[in-house]
Amino acid sequence: QLQLVESGGGLVQPGGSLKLSCTASGPALTEDYFDIGWFRQAPGKKREGISAISAPDDNAYYAASVKGRFTISRDTARNTVYLQMNSLEPEDTGVYYCAASASISYSASTYLSDYIYDYWGQGTQVTVSS
């Protein structure tokens, strides 16, 4: 069983930055090769996949809405995946979740689909507002 805990959310002004963390406990993220995805859900909207990192090759995938502004990375020693978010916009407001899936090779778009993920964190709130 894998447990995921997100942290790093908060209130930031438009144009600001935040760095989210997703820390796993249970099997190591590389021991069993877990793909990690980041999702967000804004009030009244469907949950959307915004970024993912595959294992073991650490290929990164991004939704068009965040490409060029967000960067996903993995620190295997800390069993943690990060999401660096720059140039934040009010539209980035929402609850951010990380999720893990035992690694299988997927197409790029599939990594941003929630149905492939088996384990989910509780989420962290990100609010972008002046």
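This is a conversation about how the features of one predicted model get their names.

Visitor: What kind of model is this, and how are residues numbered?

Guide: The model is predicted: local features need pLDDT of at least 70, and side-chain atom pairs count only at pLDDT 80 or more, while totals for chains, interfaces and linings use all residues. Residues are numbered from 1 along each chain as its sequence is written, and side-chain values use heavy atoms, with hydrogens and water left out.

Visitor: What makes Cys-22 and Cys-98 a disulfide?

Guide: A disulfide is a pair of cysteine sulfur atoms within 2.5 Å. The sulfurs of Cys-22 and Cys-98 are 2.1 Å apart, so the pair meets the rule. The structure holds 1 disulfide.

Visitor: Why is the disulfide of Cys-22 and Cys-98 called right-handed?

Guide: The torsion about its S-S bond is about 70°, and so the disulfide is right-handed.

Visitor: Which parts does the pair of Cys-22 and Cys-98 tie together?

Guide: Cys-22 lies in strand β3 (residues 18–25) and Cys-98 in strand β9 (residues 94–102). The pair therefore ties together parts 76 residues apart in sequence. Strands (E, at least two residues) are DSSP runs, numbered from the N terminus, as are helices (H or I, at least four).

Visitor: How do you know whether Cys-22 and Cys-98 are buried or exposed?

Guide: Buried means under 20% relative accessible area, exposed over 50%, and partly exposed in between (1.4 Å probe, protein chains only). Cys-22 has 1%, so Cys-22 counts as buried. Cys-98 has 0% and is buried too.

Visitor: What stands opposite Cys-22?

Guide: Glu-6 does. Strands β1 and β3 pair in the antiparallel sense over 5 bridges. Two strands pair if DSSP finds at least two bridges between them, so β1 and β3 qualify.

Visitor: What is the order of the strands in the open sheet?

Guide: The order is β1-β3-β8-β7, 4 strands with antiparallel pairing. Why are β1 (3–7) and β7 called edge strands? Each pairs on one side only.

Visitor: What makes Arg-40 and Asp-92 a salt bridge?

Guide: A salt bridge is a side-chain nitrogen of Lys or Arg within 4 Å of a carboxyl oxygen of Asp or Glu. The closest N and O atoms of Arg-40 and Asp-92 are 2.8 Å apart, so the pair passes. Arg-40 lies in strand β4 (residues 34–41) and Asp-92 in the loop between β8 (80–85) and β9, so the pair ties together parts 52 residues apart in sequence. Arg-40 is buried at 5%, and Asp-92 is buried at 1%. Asp-92 also meets Arg-69 in a salt bridge, at 2.8 Å from N to O.

Visitor: How many salt bridges does the rule give?

Guide: The count comes to 6. Among them is the pair of Asp-75 and Arg-78, at 3.0 Å. Asp-75 is buried at 19%, whereas Arg-78 is exposed at 56%. Salt bridges that share partners join Arg-40, Glu-48, Arg-69 and Asp-92 into one network.

Visitor: What joins the side chains of Ser-54 and Asp-57?

Guide: A polar contact of 2.5 Å joins them. The term covers a pair of N or O atoms within 3.5 Å; within protein, one must be able to donate a hydrogen and the other to accept it, and residues adjacent in sequence count only if both atoms are side-chain atoms. Ser-54 lies in the loop between β5 (48–53) and β6 (60–62). At 0% relative accessibility, Ser-54 counts as buried.
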